[in-house]
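Biologist: I would like to go through some of the labels used for this structure. Please set each value against its cut-off.

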Amino acid sequence: MALDGIVISNITAELSGKLTGARISKIAQPEADELLLTLKAPGRASQGREACSSESEPVPGIPQAGASAQYRLLLSAGASLPLIYLTKANKPSPMTAPNFCMLLRKHIANGKILRVWQPGLERIIHFEIEHYNEMGDLCRKELILELMGKHSNLIFCDDKGMIIDSIKHVSAQTSSVREVLPGRPYFIAQTQKKCNPLSTSQEEFCSVVFTRPMQLAKAIYSSYTGISPVIAEELCFRAGAESSQSANSIDPLTRIHLYRTFELLMEDVKEKRYAPGIIYEDSEGRTPVDFSSVPLLMYQDLQTRSFDSPSEMLEQYYAMKNTVTRIRQKSSDLRRIATTALDRCRKKYELQSRQLKDTEKRDKYRIYGELLHTYGYGIEPGAKSFDALNYYTDEMLTIPLDSTLTAQENAQKYFDKYNKLKRTYEALSELIKETKAEIEHLESICTFMDMALSEEDLVQVKEELTDAGYIRRRYTGKKVKITSRPFHYLSADGYDMYVGKNNYQNDELTFHFASGGDWWFHAKGVPGSHVIVKANGELPPDSTFEDAARLAAWYSQSRGAGKVEIDYVEKKHVKKPNGAKPGFVVYYTNYSMMIDCDISGIRQL
């Protein structure tokens, strides 16, 4: 989800509360389209408590009277990822500051932020800054951040609204709507003629939304400034309206209900009643789906984490999103190699299965040969068929004959076909097992690539593909360094539980780390992790068994299913056949249980 007007409103409220009166102590430009401001806010007496005396120790987390708070504010006008949030992280800057950075240092270094505001619900934030010029006169400037996708910009203006400079110059050749150049007047380009959602009426809402021959959600977000497609979908969900229905076909009662829902949401924005949060695809909170400054009830079945600060929400969301993106980029080559090999194996398996099915008639040819040997003496020369009693089933059979051959020669011909199909069957039976094992191996590798949380987790996956011959090994004289370790969880009853991240770790856990009395868990019939519960010579309680089963369900190919069947058994009953692929085991006695995939309540160490 891109930053919409509601999230910008939330950020503006936070910055206004924390940075009003703050002085700009440092200005850096770590990237071509990014600023990092260090600000010192004036000291504020702690609210709700008396200020500590000079003899008492400061209370952690409570600002002292006269003390200043330091903040770092990141402002990015990147085309792909425009952002603004308070952060604790610092970023290295170039040795020579860019021109825009030097200009800001000249004008507003040590300047005081008087006001932070947002026009309407536009994706724009204004910073009104007071400073002294070279003559010692008090002046005012404005730093404006426009968060508008590829049109994002940082614009520096004087007190009369004239542009002094911008981090991106936009000439008339680039845009026919607005020039962003020094000496030009600053204004907000109204290219789409959207309405202000904070001051709309029921009549205006009905006239601009319900007269459009388009999907209802699209009609909402294309009519009002700062309303994103996600918020439009949320409004339809809250009002019980079908978002894909044509806006001009909505019945009058639903129109009124939708406007009231819209009005209530805008009241929350006006009154600054925000609820910043991130919605996660998984119960562990590792795969973010979306973020918002208002509750998204349409995601009520997914995991949601709330934040006190929109800055913290945005920093956390984009950090996790970048991690997931980076891992997917790093694994793209490995995934392509594995999926290509998997597709090839599946085609080979399908062909071998069809050929194996063709060998099912081999016994028919054997019976034809035996019956011709038994009854063939009565066949007349030149006969094209022969009826004989099948003494295996007591049924009459019609045996096709080659009229140019004798009965014995026809019998030998059928025996030859039988022997050929028999040899084919024996060879294919072995080949099809090998192909099936290869498919299962590659499917497990793909599953573990989906589970990878860091680049270190991919090292062993790449090594496994190399050992299997899918990747050519390059001898560099250096041994591959393995730093990835199995997941370690602790059950509510205090038992250690370990989860393999790949097939090599599965083998290591099961056959080198676990002892005979420990318990082994695995999702039934699908690729996944081996889960080991260290029993310490005891029989763990049922709740520990359930926790381990949930881990086995989550770390498997069936993690999205509601219920997953889990096999579990004492480790001493798990064996590895000779020559088996990594991670492949057999067991002939086991217990089973159906369990969900929710591991949110299990503590990870």
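Modeller: Buried means under 20% relative accessible area, exposed means over 50%, and partly exposed lies in between. The model is predicted.

Biologist: Why is Lys18 called partly exposed?

Modeller: Lys18 has 31% relative accessibility.

Biologist: What makes Lys18 and Glu14 a salt bridge?

Modeller: The closest N and O atoms of Lys18 and Glu14 are 3.4 Å apart. The cut-off is within 4 Å, from a side-chain nitrogen of Lys or Arg to a carboxyl oxygen of Asp or Glu. The pair therefore counts as a salt bridge. Both residues belong to helix α1 (residues 5-19), 4 residues apart, which is about one helical turn.

Biologist: Is Glu14 buried or exposed?

Modeller: Glu14 has a relative accessible area of 10%. Buried means under 20%, so Glu14 is buried.

Biologist: How do you know that Glu234 is buried?

Modeller: Its relative accessible area is 2%, and the limit for buried is under 20%. Glu234 lies in helix α5 (residues 229-239). Leaving aside residues up to four places away in sequence, Glu234 touches Pro295, Leu296, Leu297 and Met298.

Biologist: What does the side chain of Glu234 reach?

Modeller: It reaches the backbone nitrogen of Leu297 at 2.8 Å. A polar contact requires N or O atoms within 3.5 Å. The Glu234 side chain also meets that of Arg238 in a salt bridge, at 2.7 Å from N to O. Arg238 is partly exposed, at 27%.

Biologist: Why are Lys576 and Asp507 said to tie parts of the chain together?

Modeller: Their side chains meet in a salt bridge at 3.5 Å, N to O. Lys576 lies in the loop between β19 and β20 and Asp507 in helix α11, so the pair ties together parts that are 69 residues apart in sequence. At 14% relative accessibility Asp507 counts as buried, while Lys576, at 30%, is partly exposed.

Biologist: What makes β20 and β21 edge strands?

Modeller: The sheet is open, with 7 strands in the order β20-β19-β17-β18-β16-β15-β21 and antiparallel pairing. β20 (591-595) and β21 (603-604) each have a single partner strand, so one side of each is left without a neighbour in the sheet.

Biologist: How do you know that β19 and β20 pair?

Modeller: Pairing requires at least two bridges. Strand β19 (residues 564-570) and β20 share 5 bridges in the antiparallel sense, so they count as paired. Tyr568 has Tyr591, in β20, as its bridge partner.

Key. Residues numbered from 1 in each chain as written. Predicted model: local features only at pLDDT ≥ 70, side-chain atom pairs only at ≥ 80, totals over all residues. Heavy atoms only, no water. Helix = DSSP H or I, 4+ residues; strand = E, 2+ residues; numbered from the N terminus. Buried < 20%, exposed > 50% of the residue type's maximum accessible area, 1.4 Å probe, protein only. Polar contact = N/O pair within 3.5 Å; in protein donor to acceptor, adjacent residues only side chain to side chain. Contact = heavy atoms within 4.5 Å.
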